[in-house]
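Subject: Structure for you to look at

Hi,

Here is the structure for your files. Please open it alongside the notes below.

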Amino acid sequence: MRRKIVVAVLLFLAFTVALHQFYYWQTWFSVDDIHHETFVIAFICLALGIIISQRLEDTNA
């Protein structure tokens, strides 16, 4: 249950950072300016890593 909450928070943070960038600079994701994108990618990768690790633990149990 805690992992689902952490994954939800990480995905929410990724969306919030992307929304902030869209609000101020009218672009969701731009490789040219890799500032906000770093955080978005990091949050999404962390969430995916948690999801994959949970699936691997479930299959090996």
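**What turned up**

E37 touches Q21, F29 and S30, leaving aside residues up to four places away in sequence; contact means heavy atoms within 4.5 Å.

This is a predicted model, where local features need pLDDT of at least 70, side-chain atom pairs count only at pLDDT 80 or more, and totals for chains, interfaces and linings use all residues. Residues are numbered from 1 along each chain as its sequence is written, and side-chain values use heavy atoms, with hydrogens and water left out.

**More on E37**

E37 sits in helix 2, residues 36–60. Helices are DSSP runs of H or I, at least four residues, numbered from the N terminus. E37 is buried, meaning under 20% relative accessible area with a 1.4 Å probe, protein chains only. E37 has no salt bridge (a side-chain nitrogen of Lys or Arg within 4 Å of a carboxyl oxygen of Asp or Glu). R55, the nearest side chain of opposite charge, is 28 Å away. A polar atom of the E37 side chain does lie 3.3 Å from the backbone nitrogen of H35.

**The loop**

Q26 lies in the loop between helix 1 (2–25) and helix 2. Most residues other than glycine have a negative phi. Q26 is not a glycine, yet its phi is positive, about 55 degrees. V31 is in the loop between helix 1 and helix 2. V31 counts as exposed because its relative accessibility is 64%; the cut-off for exposed is over 50%. Q26 also counts as exposed, at 56%.

Best wishes

Technical notes: Helices (H or I, at least four residues) and strands (E, at least two) are DSSP runs, numbered from the N terminus. Lys and Arg count as positive and Asp and Glu as negative; His and the chain ends are not counted. A polar contact is a pair of N or O atoms within 3.5 Å; within protein, one must be able to donate a hydrogen and the other to accept it, and residues adjacent in sequence count only if both atoms are side-chain atoms.
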